[in-house]
Amino acid sequence: MKNIDIDFTILDTKEKFYDYVSEQFGFPQWFGRNADALHDLLSEYNKNALQITVKNSAKAGNWAVPVISAMFDLDCVCFEKEKVPSDMKRSDFFYELPEELIAQTPIEPRNHSRMLKVDRKTGETEDSHFYDLCNYLKKGDLLVMNDSRVLPARLFGVKDGTGAVVEFLLLEQKGDKLWETLVRPGKKAKPGAKFSFGDGRLRAEVLETVEEGNRIVKFQCEGNFFTALEDIGQMPLPPYITKKLEDKERYQTVYSRELGSSAAPTAGLHFTEEMLADLKNRGINLAYVTLHVGLGTFRPVKEERVTDHKMHSEHYFMPEETAELIRQTKAEGGRVIAVGTTSCRTLESIAEKYGEIKACSGYTDIFIYPGFEFKVLDGLITNFHLPESTLIMLVSAFMGHENTMNAYKKAVDRRYRFFSLGDSMLIL
């Protein structure tokens, strides 16, 4: 077998590249020295006779974009995984973002948000809109979505005896009407303290203080607890959204059904019912997992060394129907595309734990950053994430650090809208 390395830090011009490949492969003089001609000639080789290793493709110039695309689907070509320094720093994921680009209100209709399509391998970008998503998908592709529904988990009440105003944020259910909560101000919520919400419709008693100062709280109410919560609770919008959300449903996906998240799986906010029906009619398959998003997912990375950060765990559920669709899609050569980082983390957690995709449930604290080896994903739909967050690190793991930071710079320059209510990115 013949082994050839193509290193784009050495072959840094079009002339150097074509001189090198012409010499290595003995291409005829009539060789066209373009991407199509290269693809045609290399297609004649199989991986048992020739192995080409492409290195540093993320550092190649714009001239190399068609060349890399031409080599991407060839059996005899493999792309070297991006090397990750062990001392990768939080600051490596910082970018400047003008405050006015932080979306404060959702776009109407949902699927009219802008979409930046990014080539995972080359970093090449294309401006589009979310309603054009179908143009980038193929029959037999599978979209995997998180059907978790956001709890209106922010409660404002008063303390018995003093009338002091307090804010409760429900984090995780621990039992029947038993919740781990964040209470502000915490000094007013010592064990034994009692509170009233919604003119007495809900009552609560603090039982104990746990890790990071959170409280275990027992609620009491007449009737269904979640019905009361829907009526008097408020959506736990991120702190960077300062405008009131007039319609609670705009912080829910149209396919949400499993109540339990503290924050929305925002990549799915762009879909409409009509768009989902159209995708199915085009032969694009849809499947659902559940991961209840905890606020820990959005906890800032405080440690300077990325590998020192610890993720909070979140509960997930993989139904057999979805597991079978994923296995079938892979077997038939289709692409599995995660809608959002929560769907991505669910799929990759299961594959890493079991070595396969299977029906199961459990908790995951998986932290995906550059160097992670993806076992399931072929594509990702996601929003634009906060600088130095675990979410931008996940995106960097999927399409390379340099490609990611370049794409974010382009998004800022082109005035895309950022974060939970902002625009979308499609990575394929």
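This is a predicted model: local features need pLDDT of at least 70, side-chain atom pairs count only at pLDDT 80 or more; totals for chains, interfaces and linings use all residues.

The stops below run from the whole chain to single residues.

**Before you start**

Residues are numbered from 1 along each chain as its sequence is written, and side-chain values use heavy atoms, with hydrogens and water left out.

**Stop 1: the whole chain**

Show everything as a cartoon. The protein has 9 helices and 20 strands. Helices (H or I, at least four residues) and strands (E, at least two) are DSSP runs, numbered from the N terminus. The radius of gyration is 25 Å, close to the 22 Å that the globule rule gives for 428 residues, so the protein is as compact as a globular protein of that length. That radius is taken over C-alpha atoms, and the globule rule is 2.2 Å times the number of residues to the power 0.38. Along the principal axes, the C-alpha atoms fill a box of roughly 90 × 45 × 40 Å.

Switch to a surface. The protein exposes about 19800 Å², with carbon and sulfur atoms supplying 47% of it. Accessible areas come from the Shrake-Rupley method with a 1.4 Å probe; for residues, only the protein chains shown count as cover. Of the 428 residues, 52% count as buried. Buried means under 20% relative accessible area, exposed over 50%, and partly exposed in between (1.4 Å probe, protein chains only).

**Stop 2: helix 3 and a distance**

Select Val67, in helix 3 (residues 65-72). Val67 counts as buried, at 2% relative accessibility. Leaving aside neighbours within four places in sequence, Val67 is in contact with Phe8, Phe17, Tyr18, Ala35 and Leu38. Contact means heavy atoms within 4.5 Å. Now draw a distance from Val67 to Gly161. These two are 94 residues apart in sequence and 73 Å apart in space, C-alpha to C-alpha.

**Stop 3: a nonpolar patch**

Select Phe156, Val158 and Val165. They form a nonpolar patch on the surface, with about 260 Å² of accessible area together. Patches are made of residues with over 30% relative accessible area and no salt bridge: like charges are joined within 9 Å, nonpolar side chains (Val, Leu, Ile, Met, Phe, Trp, Tyr) within 5 Å. Val158 sits in strand 8 (residues 154-159). Val158 counts as partly exposed, at 36% relative accessibility.

**Stop 4: helix 7**

Select residues 341-354. Is this helix mostly enclosed or open? Of its 14 residues, 11 are buried, so helix 7 is largely enclosed by the rest of the structure. Among the buried ones are Cys344, Leu347 and Ile350. Just after helix 7, Gly355 takes a positive phi of about 75 degrees.

**Stop 5: salt bridges**

Side chains of opposite charge can pair when their charged atoms come close. Here a salt bridge is a side-chain nitrogen of Lys or Arg within 4 Å of a carboxyl oxygen of Asp or Glu. The count comes to 25.

Stay at helix 7 and show Arg345 with Glu314. Their side chains meet in a salt bridge (2.5 Å, N to O). Glu314 lies in strand 16 (residues 314-318) and Arg345 in helix 7, so the pair ties together parts that are 31 residues apart in sequence. Both residues are buried.

Next, show Lys330 and Asp378. This salt bridge is 2.9 Å, N to O. Lys330 lies in helix 6 (residues 320-331) and Asp378 in the loop between strand 18 (360-364) and strand 19 (379-383), so the pair ties together parts that are 48 residues apart in sequence. Lys330 is partly exposed, at 35%; Asp378 is partly exposed, at 25%.

Finish here with Arg90, Glu304 and Glu388, which are linked in a network of salt bridges.

**Stop 6: backbone details**

Zoom to Glu108 and Pro109. A cis peptide bond joins them, with omega about -15 degrees. Pro109 is in the loop between strand 3 (77-79) and strand 4 (114-118). The peptide bond from Arg184 to Pro185 is cis too, with omega near -10 degrees.

Last, select Asp199. Its phi is near 55 degrees, a positive value in a residue other than glycine. Asp199 is exposed, with a relative accessible area of 87%.
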